[in-house]
Amino acid sequence: MLISTELPGPSAVLSASTSSNWSTPDELSTSSSPSNIWGSQILTITDGRFTHTLSISTASFPAALQLRDDFLHDLQTAGGAEPISSLVELWARFIGFTVRRLEQSPHGLADDLRHLLTIALDTFDRDILLQREIHGVVYALDISADAESAILAAYVRARHVLRKVSRPAAPSALLAAAQQRKARLYAVFGGQGNDEDYFEELRMLWQTYRPLVEDLIPSVSSMLQRETREESISRFYHNGMDIVTWLENPDRTPPSDYLIGASISMPLIGLLQLAWYRVVGRIVGTTPAQLQTALAGATGHSQGIIPATVIAVAQSWTQFDALALDALRLLLAIGTASQDQFAVGQLPPAVVADAEANGEGFPGPMLSVADCPISQLRTYVASVNGYLPVDARIEIALINGPTNAVLAGPPLSLHGFNVWLRQVKAPAKGLQHRIPFSQRKPEIHTRFLPITTAFHSSYLTDVAPGVLERVADFTITGHQLRIPVFCTHTGTDLRKCGAVNLIPKLIAMITTQQVVWPRAVHFPGSTHILAFGPDGASGIGTLTNRLKEGTGVRTILATGISSSRTELGDRSEFFNWNPAPKGLVYGPIWRNRYRPQLVQIAGGGVLVDTKLSRLLGLPPVMVAGMTPTTAAWDFCAAVMRAGYHVELALGGFHQAAQLETDVYKLLDAVPAGRGITCNMIYAAPHAVKWQIPLLAKLRAAGVPLEGLTIGAGVPSLEVATRYINELGLRHMGFKPGTLPAIYQVLDIASAHPTFPILLQWTGGRGGGHHSFEDFHQPILQAYDSIRRCENVILVAGSGFGGAQDTFPYLTGDWACRYNRPPMPFDGILLGSRLMTAKEAHTSPAVKQAIVNAPGVEDEGDWEQTYTQPAGGIMTVTSEMGEPIHKLATRGVQLWAELDRNVFSLDRSKRVAYLQKHRDYLIQRLNTDSVKVWFGCDVQGSVIDLEEMTYAEVLRRFIALTYVSAEGRWIDDSYRLFLQDFLKRVDARIGDVAPGPGLSEVNGDEALADPTTALNAILKRLPTAEAQLIGTQDAEYFLLLCQRRGTKPVPFVPVLDENFETYFKKDSLWQSEDLAAVADADVGRVRPSDILGNIYHGHIECLQQQDPEYQQDGIPIVDCFSPYSVPQDWRLAELGIHCSPVGNTGAMLYEVKPLDGAPGAPPTPSLAEWLVALGGSNGGWRQAFFHAATIVQGRAICENPLRRLFQPTRESYVMVQQGHGGLSADPIITLFEHRPHSEPVKVVEVRVDEPSVITLEIIN
């Protein structure tokens, strides 16, 4: 602890009084006025690394010194207190200590302490909070909820003591905007059932904001105690209703099972909500009438309709408190009468144990059902009710959303519903990702709510008369409502009821009427919803926010502790009086934020503007990596020269040398500056093991490898991080196959928030490898989470073929048929569609077969491919164990049959099955499969490998791997195979010394004509014609068939445990080499035409959809860039100061802390600094500073600018507009501060001639 005093100089005090650029408070400390500078002294308060000073008048200084010493002593001796973690917390504790000392002081010392408290509070507001509203400052600290509460409590108590509690420095910005109709604000109140610990929230409120609710809570406590002593209801209150005692003494609070009873929880939850409303209103300094001018309406979920009605009537806080007492009396009456009407007896222990064992909770009269469409739920309820007597049936009590509801009824009946539902739904831990989506059991989740009576059901029909009798003196009419209050069943405005008493309607909305929450919160034109709980982030705010996702509505939690969920606001957003420079926060409108737009590149063509096109600088229509089509470098080059993005498929490469060669061929065939993106199959670990090091090697050599897409699996965060950090890529793509895999990708994106991640979603409809998922449902569930990751680019690929079927996915209109707001994708992914392109290596006959495939009329019919051909396509299981779409040829139908009958068996049972059905399987292989049976004698009869002579083995191998009609090997690895096997044969049956025949097979050209070479060899080895292959040589032959790094053999040599590998491995090659298939048994246009027709179709659709393009033309931009420029407020937070240089038009950029900001000044990162220097006007300046790498020739290297323009406080950057006004090229100059001299120019960047940027380094 440091204790010091000093006399200030004039400059010190003046600096303190002018250090903040925030608005001046209504009351400034008198000690900061220059007129009494020399009559004051400085008091320093320090704890550890936190210190601050007070300017105290000389007369008050002794009292201040004693107060400070007592405070520091109190800090040292306080047991169990958390260590102070911020200057805000230190000062709040000092203020709280001062308030306590003031409240306990004799009258003679009160004036001095009040004066000191005034100075301390003014200093806190001015120097530490920087005139910001305290809640936002506190919620930004990394502290516990208890510490947050303590800081806020000290601040509120201090303002209360000084009579400033309802006098904020300025009005709430959101409140003012709502009052001016610049925002449209609604209020919602929740009901019961989400949280058994609601009373702890009430305790937190009491401890934090006690001065604001002292007029309400004690009077409510007294009233409820009187009411509950009445003989007719006292049996429900064996623990009493002494709220204040419970709040002050946690150890005397009744247990949870008492507090969740309807007779207790209804009035207490109502009190919690009304108390929060009072806190919010008092903090923003308004009356209830003034709040009404800001609210466009209100409603409540179940019992929440009562406080919603209260806030619509009350005009003053006095009237509010009186109405609150009546409203809580009404809730008490409803709770006791409902509990009396629907008494729940003790349940059999076996029922309780069964429910809890299945994760359904303790059985009660209300059951939450999630993830079940309401229409389906009605069917389930009707089915179960068919087994139940009339007086024990269940009802749908609340509809909370399209797939979210609550049932009401006797606990035993609801338990029976759960038992029945277990036979229908998927088990809790069941994995269904390998079951076709339409065949899956519904994944429904049920949970009993902590509620003790069956609200919103016919079981409470007789409750209303008794309640009305108890509250006969309480009436509210529709005419009394100053704002709309929406019925929870129909959504109609209760003001339409006119002079009719609303109390009976309100009772019915809680007891017997079904809640239809989507109707109640229709809220036309809403921009903000203020949610008054209970339950904070898990309550009514979250429930309502789900219904408003993507529509531009911001939900703000007015209750509980601060939320870390970015999609929800906390009450600091409502309290904040100075949202500038950020401005008010609104919810995202997905259609507006992500919809495609047209831009005209200066000097270029029209481009569709999406997140994908901004990342790539290319149209948002790309070609996916697919083996074997995009494994061909020349095909990829054709796509890239046409101006589109394509992925080089690494799955088509078996050797590193071949991949490296083809990468360089591709690089030489495309325009300079274009980068290469590769597609890797993660489910092939052996390939990954050599491909990743090779990519790293190529990247280190300057090869412009810009991206890597990982398919067939999502790597762990650790592995993905290693790829991102070590490969030096610009972007990375993932192709998740399931909803959990989507979230796994989002975890990777969240861990690298500035690195672009392409999330390529194809679902089950896509060509080639695919999942069992529906295309739409996982995106409907995850879209909001995807869009909260700003660095994720969402790409759709799912059997698309043209502009018309892809355009709704770019605009997002596809989601409207599911009653959801538009959900645009950022790009379109094409795969199989390109197999028919002219440059694709697909064999002509296969291209024709693809064209001839009829497809399905209804997209929902695609799942038939799992069991039968549909639209000419079947689904089989690939060698990687994943489903894959193939043309339904005879061979593929055989594949599907083997999947069902052979490959589904346990591996230990397969060989026995193969031997039992040997003749049938060989016959089918030879007639229907591209992988024929190898064993064959000279007469063409089927035999086994061990029954073949050496000559028959050699001739059969050549016949199956060499295309004699075209004079070529299918793959050069087969030549090496034959070469190695011939050496083995010669060693086995040849002469001791090798003859001229075998010497001819050594060398690259030796077996260019294998038939001629073999004939020569067999003349020297005549025994090969008659001698059967030896056992060891047969095993060696099989070993060569399985040799790694070579192309898999195009035949099945043996029916053993490796049969699935022989049959499935490399199953796609024949599509590009039909001439190599035994007996050759099985629309072409350029890629530029296919892609161009789709892309230009999108442009035409956008022009037709938006008439502004016709009227105003397409906007022209100088630079098409993925980089967004931070707003001025964000630059200031980062420590970047941007200011004009007089009237010259030049701008000065320097690293400088925000004026008056406490603590160490921030230093921006290099990336943040360069983004600021790049500006927002596009052009070469933006590209020059933003690009992490540049291309030299065809190599990629680090942008040298990063070494020159480092963010330091010893330099600054001036950007001057060149001659020619705003359209002229800028001149960028870096200056360095030098001791004892003027700043020195050290770097200048300018354009001296068109297309040439000059970088001058000045010594």
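Which residue in strand 17 is the bridge partner of Val623? It's Val646. This is a predicted model, where local features need pLDDT of at least 70, side-chain atom pairs count only at pLDDT 80 or more, and totals for chains, interfaces and linings use all residues. Residues are numbered from 1 along each chain as its sequence is written, and side-chain values use heavy atoms, leaving out hydrogens and water.

View A. Strands (E, at least two residues) and helices (H or I, at least four) are DSSP runs, numbered from the N terminus.

View B. Strand 16 (residues 621-623) pairs with strand 17 (residues 645-649) in the parallel sense, over two bridges.

**View C. His301 sits in the loop between strand 5 (295-300) and helix 14 (305-313).** His301 counts as buried because its relative accessibility is 9% (buried is under 20% relative accessible area, exposed over 50%, partly exposed in between, with a 1.4 Å probe and protein chains only). The His301 side chain makes a polar contact with that of Asn400 at 2.7 Å (a pair of N or O atoms within 3.5 Å; within protein, one must be able to donate a hydrogen and the other to accept it, and residues adjacent in sequence count only if both atoms are side-chain atoms). Leaving aside residues up to four places away in sequence, His301 also touches others, including Phe189, Trp517 and Leu543 (contact means heavy atoms within 4.5 Å).

**View D. Arg210 and Glu248 form a salt bridge.** Their closest N and O atoms are 2.5 Å apart (the rule: a side-chain nitrogen of Lys or Arg within 4 Å of a carboxyl oxygen of Asp or Glu). That rule gives 48 salt bridges. Arg210 is partly exposed at 33%, and so is Glu248 at 37%.

**View E. Arg591 and Asp813 meet through their side chains in a salt bridge.** The N to O distance is 3.2 Å. The pair links distant parts of the chain, 222 residues apart: Arg591 is in helix 24 (residues 590-594), Asp813 in the loop between helix 32 (803-811) and strand 23 (827-830).

Notes
Pairing = 2+ DSSP bridges.
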